[in-house]
Amino acid sequence: MLELIWLLPTFPLLGFLSLVLTAGKLPQRVVAIIGAGSIGLVFLVAALIASQFLDSGAEQFVFTAWSWMSVGEFTPGFTFYLDGLSLVMMLIITGVGFLIHLYSTGFMLDDPSYSRFFAYMNLFVASMLMLVLADNLVLLYLGWEGVGLCSYLLIGFWYQKPANGYAARKAFVVTRVGDTSMAIGLFLLFSQLGTLNIQDMLHAADAQWAIGSNYAVLASLLLLGGAVGKSAQLPLQTWLPDAMAGPTPISALIHAATMVTAGVYLIARNQVLFELAPDIQLLVAWIGLATLLMAGFTAMTQHDIKRILAYSTISQIGYMFLGLGVGAWSAAIFHLMTHAFFKALLFLGAGTVILSLHHEHDIFKMGGKRKQLPVAFYSFVIGSLALAAFPFSSGYFSKDEILLAALALEGPGIWLWAGGVLGAFFTGLYSFRLVFVVFFGESRGHHDAQEVAGFSMATPLFILMFFSIFGGWITIPVESVFSHGEAHVEHHVSALLHGIMIVVPLLGIGVSYLFYVSKTFSVEKLMASSLAQGLHKFWFSGWGMDRLYDTLFVKPFLWLARINRNDLVDWLYALIVELTRAAHGLVVRSQTGSLHWYALSVAGGLLLLVFLGVLL
Amino acid sequence: MILVLLISILFIGGLLAWVSEIFDPALPRIVALVTVIVELLVMLTLLGATDSPDPAWLASINAAWMPRFGIGFHLAADGLSVLLLLLTAFLGIIAVGSAWNEITERVGFFYFNLLWTLAGVVGVFTALDLFLFFFFWEVMLIPMYFIIAIWGHENKNYAAMKFFIFTQVSGLLMLVSILVLAYFHYEQFGFFSFDYFDLLRVNTTGPLEMLVMLGFFIAFTTKLPSMPFHSWLPDAHSQAPTPGSVILAGVLLKTGAYGLIRFAVPLFPEASMQFAPVAMTLAAISILYCAKVAFAQTDIKRLIAYTSVSHMGFVLLGVYAWNEQALQGAVMTMLAHGLSAAALFMFAGGLQHRIHTRDMTQMGGFLAKVPRMATVALFFSIAALGMPGLGNFIGEFLALLGAFQASIWATVAAALGLVLASVYSLWVIQRVFHGAYRAEVGTAQFNESQLLDFDRREMVYYGLMMLGLVWMGMYPQPFLDLSAGTLQTLLENSRQLLAAVPN
């Protein structure tokens, strides 16, 4: 039964192939059945495999489909590795993935490229499953690049608009910077440890490298480069907000629930390596903290409903990084799962809002929509409560564990904890700013829009609502995976500190209420000061990172490309040609045909020779 | 005897194609197609062949030619040769297919030149006498010159002449090096020989040897090409007719890489190892520099030409890292790039044939109009930027993996080429296929009705190349196994020679 694991990437791949080869000639209904059905089927297989695996009590299961290549000692295979961690990931990808596919069958109904959409989506799921099931880093890299490709294809799905193409290329190129860092990391690991099989590699690293050794530091730093690229963390986070150019379901699937969390998975998968480099592990925590604060600030200033959610995703992945960095390995993965539930819910809810309001993205043109868009309203309220870690919602449990682990860490732990709590305040603030502005107050446009939410779109929302509320009670079977170095969370945290953690997000929600519902505070008044305006501008631009990269990399590259369009090297050869021509011209000129001139030059030459002879 | 047959088929087929035009102008292309298909079938018999007294070689023939100078008619094929021969014949079929409707003038003479170029290439991949090797090196050059000069585009004479001079000058350097090497053999053993195995025994450890080695190196890296000898290629490609580009990018460039692996390094192991850091640095510069120049181009064929140079940098890097992974990577890159570059040039040529321009600023939004063409272009661009699961990734990844063990900095620099590759590849897709459709915007200067999608015949060719790349990417082992024996022998030999050198 477990051998059926090879079916997991195969079904979506077959879905992809059949949709591509028929080139959009199938009727929409058939496309929907193939596109969403293949993922549904995969979810069933995954669930069966999961139950069987958990029943068997085994710690891992390895299945080799075929040997990929064998060159000297380099022998990666198409080998799948199932343990608690990949099991959780597999279920998230297929489960949430299926719900999003189902939603898409309704959402994309009016799109002429219906078939192309599902083809790319299926290819994405296949790649993502490859990524989390790979037993070696080369196969993982295959999935890693594959999801990046699908992300590119789907961000630029509406290709007629050049801005979408730009966003797609930006996403691909920026993440590829990280991918290249990761590839170099693989070269380093292989040259030092002689294998890229993850488990063997980790054992070898554990045996060969001392804690804090240069190789461990360098290797984990290079892998971290890949992780921050894919997971949109500082300093490579700039692509994700622009990635919202794609259709909303792909934002839910790729840029919230699955692909962007691949970096978290990568670090968790290579736990041993990061523990050999404690400085880098701590760096992961600081990156997470800086990112979650940066994105939290920025989310408060955005107007575009999807960009707010994008920044909130960046921020929540920041929490996962914080968790990884402080050694709360399973808490980070737990948050990955609950985040997949509530963020998919929020994005799909946003999709319903956008579709119902004729592709309106600006939240300040909405207002008072809770009666008009009831399903979206409930989605947003529940999703935002979970996002803001409202007590006993799914997000509460996972965020709580991460922050407690930060607190337990000696040294910088208290600062990481404080930063995380501050971030939670902003999370409450920005998430309910969105809810209040869109669904409360007066309607500021689209007064008579009707909610578009048929069966296929509403069902996934209701299921995700359920999991966003109760998902925190799920236990994930990852103890055996992380048993090696799980930080032992002290549960003797003082009641005061724990109380702070519960109250702070509620404060955020409350402040948001005072600003946007009761209007006790006024945004306009706040914005009157030039300091606030400056800060707003700075935050709104995502801390000016885009402009920084533009100045540092894009513009110099374009300038270099422009001035050297005609290839400097070619000029050198053109110079040789010119010199030859000039020499030719000189010699031709000497051939005047006048006897007088010839006699003179013969005499002059003789004189010169004689003179030279005498001299030497 | 198979090897003689392989060369003869192409020579005779070429003559027949030329003559057949007298009877019917539609005949030469059929003759050519039959010739290349027969060629491929005969080649396939090489795979299990035992046509050589030496079991290390699948087939060989060694006859006296000019015994007084030690020049023999020595042909032999091992796994490496066979891989490249198969690539040659396969792309030969593709090239005939791409010429099918595009070449309408002097058809017979065209196919004659095409097949004779291929004959020269087959000779180059099998010759084990350096004089004979040089002979075939010239044989593949001259018909290619005609293909560019006669059937090329607006600036064909300049491009053809540039191609000719670059190849000829660098070929001359190689000839001098071959002669000096033969003279070394005379000095050390008392008789002249141009035979590969004899010359391998020549002691090449003096200071002069570095210069002799450079003669080979420059000839091969001009063909490859690599910085700074690459500047003939963009002109040759942008001016050549599509089948010319297919052969040039797919096959001719690979003779340079083959020369490095078979001759330049094994004949001069010590000089080569001293020179390796320079060569690897050159490779990294070549990868980055040409990727950057590619990005700046507006002529789609020039752009693809520069990307070719960039990708060949991985081959150069792999060869001079000189270990098993790196060499396998170089060979896989040769094969995969052979398909992907040929397909991209074919796509660009097909586009030019339809809308009579190569200027990308005239294009945009073609996806809606020609979805199959867009899919093809996307597939091969993605392959070229090194997407895992396709052949180019295997090649470049192995090359980098091996090179890392030889030179960390050159490898890290070269790996940055992966980022630049994504920049220019996706830019082409954006420029040609995405955005608003030009004819609707009203800025297009082409006849919209001529922008037709690929037909079934064309899709068969592209489909074959796609399957090839997927095979190489998902299960490259058969290819790796075929060249493994050759590469291990070369590595072992040079290791022994280097060990014997007194420090």
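Reply: Helix α6 (residues 156–189) of chain B packs against helix α8 (residues 207–223) of chain B at an angle of about 150°, the axes lying 8 Å apart. Axes here are lines fitted to C-alpha atoms, for helices over the stretch in contact, and angles run from 0 to 180 degrees between N-to-C directions. Helices (H or I, at least four residues) and strands (E, at least two) are DSSP runs, numbered from the N terminus. α6(B) is therefore roughly antiparallel to α8(B), a label for angles over 145 degrees. The crossing of α6(B) past α8(B) is left-handed, that is, the near helix is turned anticlockwise from the far one by less than a right angle.

From α6(B), the contact includes Phe166(B), Leu173(B), Met174(B) and Val180(B), and from α8(B) the residues include Val212(B), Phe216(B), Ile218(B) and Lys223(B). Two residues are in contact if their C-beta atoms, placed from the backbone, lie within 7 Å. By class, the contact of α6(B) with α8(B) has ten nonpolar, six polar and one charged residues. Ala, Val, Leu, Ile, Met, Phe, Trp, Tyr, Cys and Pro count as nonpolar, Asp, Glu, Lys and Arg as charged, and the others, Gly among them, as polar.

The model is predicted: local features need pLDDT of at least 70 and side-chain atom pairs count only at pLDDT 80 or more, while totals for chains, interfaces and linings use all residues. Residues are numbered from 1 along each chain as its sequence is written, and chains are lettered from A and ligands numbered from 1 in the order in which they are written.

Chain B is divided into domain 1 (1–267) and domain 2 (277–488), with bounds from an automatic or database domain assignment. Their C-alpha centres lie 23 Å apart. In chain B, 33 residues of domain 1 are in contact with 41 residues of domain 2. On the domain 1 side, α3 (79–99), α9 (232–239) and α10 (242–267) of chain B each give two or more residues, and α10(B) gives the most, with twelve. That side divides into 19 nonpolar, eleven polar and three charged residues.

Chain B also touches chain A, with 40 residues of chain B in contact with 38 of chain A. Among the elements of chain B that give two or more residues to this side are α11 (269–296), α13 (324–355) and α16 (408–433). α16(B) gives the most, with ten residues. The chain B side divides into 26 nonpolar, twelve polar and two charged residues.

Methods:
Parallel < 35°, antiparallel > 145°, perpendicular 65-115°, else oblique.
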